[in-house]
Amino acid sequence: MTDAIRRHRHFLMGLFIAAAAFLYLAHIGSYHLIELDEGRYHRVAMEMVLSGDYITPHFDYMPYFEKPIFQYWITALSMELFGFREFTGRILPALTGLGNVFLAFWLGRTMYGRRAGILAAIIVATSALQLIVASIGVMDMALTFFIDACLISFYVFERTENKKYLLLFYAAMGFGMLTKGLIAIVFPVGILFWYALFSKRPRLFLKLFYLPGIALFLVIAMPWYYLVCQKNPDFFYFFFIREHFLRFATKMHERFHPWYYFVPVLIAGLMPWTGFLATFFSKDGIFRKPGSLRHKQDLLLLSLWAGLIYVFYSVSDSKLPTYILPCWLPLSVLLAASIERCRHQGRWLGHSFLINAILCLLFTAAGIVYLMHTDFLTVADFLTHGGLLIASLLIGTLAAA
């Protein structure tokens, strides 16, 4: 069977790409706007098209400064091409969600080989939270893609010393800055700082400061911020002070939750792969016996990447389930590497499948109870529009087996 897979690997890779594209794109026009922010962002882009003002976002014909401009631009362009259709606001999340699948393959292959790269891509593609966020018109999926692209670009630069990857790093950071602001700088730079420090290579962090890359970042990100500040003097305080620092440090948006809020988000959002987190604790696993120095450094980067983002939002006074989505790609690579280690050892992961079975049962029961007590979504609607989510969980479980 292995020989047959090798002979037809190009066909199978093409089939996987087609299946991933179908999974992320086929359904985005089949349901109405289902989330408060999704409706708001859709309206902002619509007013942008109607007014012709592509600098100052407006909601209900009033300036709206909570988010930057990039997703509004892509949605407005989609509306210009396809009309005021509901799926236009989901095009960028769907495409960046699909892009994240290929980023997972790139990083997994670079770190642990082609098989681990394919498995990492499957884990990302079929994880519940990733697929859900890529299916609604919110900005967290695009931000996740750009943060992931930043960190992967720098990692490949570290491995190759090819400075074109630093240019890619700064380009992704520039588009991230246009998508959701300073957080697109804070996460990549902060993670790489601690990575360089803990790996005892401070000069590695200094290599990040590449003048052509910084110039590229400024060319991409700064023109819109300059123009919107020129037209709206109150933009700077509202966006940078209120929407960044005060939002993180206070309960102003009434999104306060306890520190353990993201524990169930992580458990449910990683389905159907949650049970494989147990492989991290194996005495012969990748954490206890990482192998070479290179693999130790890879584990450090992936752990800091997922861990710092998780802790950052856990201590924040503003929490939403979508915030920790940038943890998914490093977790997928860690899971892929861990499962590969178990495969090499000839271990059958029965405990992981048992955990998954219990979680799927609880997840299904919770979904049925929710549908019985809400007027927002009927059982028929869920079966009609949630079919791809159900299919992804099933396909992911089969892929794991």
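Reply: First, a definition: a crossing is left-handed if the near helix is turned anticlockwise from the far one by less than a right angle, and right-handed if clockwise. Note also that this is a predicted model.

Me: Which handedness does the crossing of H5 and H8 have?
Reply: H5 covers residues 91-112 and H8 covers residues 140-160. They pack with their axes 9 Å apart. The crossing of H5 and H8 is left-handed.

Me: Are H5 and H8 roughly parallel or roughly antiparallel to each other?
Reply: The packing angle of H5 and H8 is about 25°. Angles under 35 degrees count as roughly parallel. H5 and H8 are therefore roughly parallel.

Me: How many nonpolar residues does the contact of H5 with H8 have?
Reply: From H5 come residues including Leu92, Leu103, Trp106 and Met111. They meet residues of H8, among them Phe145, Ile152, Tyr155 and Val156. By class, the contact of H5 with H8 has 2 charged, 6 polar and 13 nonpolar residues.

Me: How are H2 and H6 oriented to each other?
Reply: H2 (residues 9-25) packs with H6 (residues 114-126) at about 15°, with axes 11 Å apart. H2 passes H6 in a left-handed crossing. Angles under 35 degrees count as roughly parallel. H2 and H6 are therefore roughly parallel.

Me: How many charged residues are in the contact of H2 with H6?
Reply: H2 supplies Met13, Phe16, Leu23 and Tyr24. H6 supplies Arg114, Ile118, Ala121, Ile122, Val124 and Ala125. The classes are 9 nonpolar, no polar and 1 charged. Arg counts as charged, and H6 brings Arg114 to the contact.

Me: Which helices each supply at least two residues of the lining of the largest cavity?
Reply: The structure holds 1 cavity of 30 Å³ or more. About 50 Å³ of space lies in the largest cavity. Its lining includes Glu38, Tyr41, His42, Gln71, Tyr72 and Thr75. The helices are H3 (36-51) and H4 (70-82).

Me: How many polar residues line the largest cavity?
Reply: Leu33, Gly89 and Gly137 are among the lining residues. Gly counts as polar. The lining has 3 nonpolar, 1 charged and 5 polar residues.

Me: Which peptide bond is cis?
Reply: Look in the loop between H14 (262-269) and H15 (293-315), where Pro272 is found. Omega is near 10°. The cis bond runs from Met271 to Pro272.

Me: What is phi of Glu161 near?
Reply: Glu161 lies in the loop between H8 and H9 (164-180). Its phi is positive, in a residue other than glycine. The value is near 60°.

Methods: Residues numbered from 1 in each chain as written. Predicted model: local features only at pLDDT ≥ 70, side-chain atom pairs only at ≥ 80, totals over all residues. Heavy atoms only, no water. 1 Å grid on protein atoms, 1.4 Å probe; cavity = no way out; pocket = protein on both sides within 12 Å on 5 of 7 lines; lining within 4 Å. Points joined across faces, edges and corners; volume = space filled by probe spheres on them. Helix = DSSP H or I, 4+ residues; strand = E, 2+ residues; numbered from the N terminus. Axes fitted to C-alpha atoms, helices over the stretch in contact; angles between N-to-C directions. Parallel < 35°, antiparallel > 145°, perpendicular 65-115°, else oblique. Contact = heavy atoms within 4.5 Å.
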